[in-house]
Amino acid sequence: MSDVWRAVILVGVGAMVCKAAGPVVIGGRQLPERVQGLVGTLAPALLAALVATQVFGGDHELVLDARALGLAAAAVGIAARAPILMVVIAAAVVTALARAA
Amino acid sequence: MTKDERSTGTVMGGVRKSLPLCLAVAAFGVSFGVLAESEGFGKLAPIVMSLTTFTGASQFAAISILGAGGGLGAAVLAAVLLAMRYLPIGISVAPELHGSAISRFAQSQLLLDESWAVANRGDGTIDRTTLVGAGLALYVSWQLGTLAGVFGGSLIGDPQALGLDAAFPALFLALLVPQLRNRRTRTAALIGAAVALSLIPFARPGVPVIAATVGCLAGWRSRGVDHSVESIP
């Protein structure tokens, strides 16, 4: 078997296990009281981290590029209470324009 | 309000909520297919990988590291590190996923940052039907994109030139802002962003986001505090 297929199998199994572990082991049961509080703050912590890494993340460095302008456009849209679809499109358009400029 | 009285979404509602992202996900599926094909991985392997792995960041990492001669171990390690954020995400959705273990396994495979984010009610719980609808729509988009990339080459141009990579953080920000209502969630977001940013220069890709989950400790409630609050008339 080639390394390509080994990678397909290993990465596939790894991703499946990561996604399934919680639902298969805990599935349908309430989490302990203390953990419920943590789950409520997991979303803002992870969402903020995803925004930070996807906008300012480079190859082992922090970068400020067209994506930051796109995020700023998104922030303006959110502040103006624009629908999410408009916010997403605004971010993409501004980023594309900044790259083309 | 009890759990049963909360508004519940529909599968189609989840599909609708994810539509703006489906285009971007399909475009990145195309670029994954093109990259994998051009790196000499053939057509079948990338298609099988998209069907089974279904998390773009891990797939891009594995293919690009293998393609650059980085070796199987480094490729798999990077890909699994990127997928490890689904451990806490999976735990957070687990109470909502009912049914047999096989059914729960199947539903869990529809977890993606985007499907989880749009299914989030903002109070730490998720809407299962919205998750399934969004997950299915994104899954189909990812597969169609991969197929188009593998067989047709880059039909839609470079997703980065179209700014589509900025669509994902824009969505996450739009879903984050309404959650910043109280001090706990604001603290969690600040810690999450600060930890992730400070680790980017030093850690392997994937690690900053996993480490950022420590931000959820802002939600820790000790039993003592809860009891004292309840005892106030």
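1. **Contact between the chains.** In this predicted model, the contact draws 67 residues from chain A and 83 residues from chain B. On chain A, four helices take part: H1 (3-26), H2 (33-56), H3 (66-79) and H4 (84-100). Each of them supplies at least two residues of the side that touches chain B. H2(A) gives the largest share, 22 residues.

2. **Make-up of the chain A side.** Sorted by class, the residues of chain A that touch chain B are 43 nonpolar, 16 polar and eight charged.

3. **Chain A, secondary structure.** Chain A has four helices and zero strands. Along the sequence the pattern reads α-α-α-α.

4. **Chain A, overall form.** What radius of gyration does chain A have? The value is 19 Å. For a compact globule of 101 residues, the figure would be near 13 Å. The C-alpha atoms of chain A fill a box of roughly 50 × 45 × 25 Å along the principal axes. Of its 101 residues, 51% count as buried.

5. **Chain B, secondary structure.** Chain B comes to 12 helices and zero strands. From the N terminus on, the order is α-α-α-α-α-α-α-α-α-α-α-α.

6. **Chain B, overall form.** Chain B has 233 residues and a radius of gyration of 19 Å. This agrees with a compact globule, because one with that number of residues would have a value near 17 Å. The box around the C-alpha atoms of chain B is roughly 70 × 40 × 35 Å, again along the principal axes. Buried residues make up 52% of the 233 in chain B.

7. Take the contacts in chain B with a separation of 6 or more. Residues 24 or more positions apart account for 70% of them.

8. **A helix pair in chain B.** How do H1(B) and H3(B) pack, and at what angle? Helix H1 (residues 11-38) and helix H3 (residues 56-67) of chain B meet at about 15 degrees, with their axes 10 Å apart. Angles under 35 degrees count as roughly parallel, so H1(B) and H3(B) are roughly parallel to each other. Their crossing is left-handed.

9. **Residues of that helix pair.** H1(B) contributes B:Phe28, B:Phe32, B:Leu35 and B:Ala36 to the contact. From H3(B) come B:Gly56, B:Gln59, B:Phe60, B:Ile63 and B:Ser64. By class, the contact of H1(B) with H3(B) has six nonpolar and three polar residues, and no charged ones.

Note on methods. Residues numbered from 1 in each chain as written. Chains lettered and ligands numbered in written order. Predicted model: local features only at pLDDT ≥ 70, side-chain atom pairs only at ≥ 80, totals over all residues. Rg over C-alpha atoms; globule rule 2.2 N^0.38 Å. Buried ≥ 20, exposed ≤ 12 C-beta atoms within 10 Å, placed from the backbone. Contact = placed C-beta atoms within 7 Å. Nonpolar A, V, L, I, M, F, W, Y, C, P; charged D, E, K, R; others polar. Axes fitted to C-alpha atoms, helices over the stretch in contact; angles between N-to-C directions. Parallel < 35°, antiparallel > 145°, perpendicular 65-115°, else oblique. Left-handed = near helix turned anticlockwise from the far one by under 90°.
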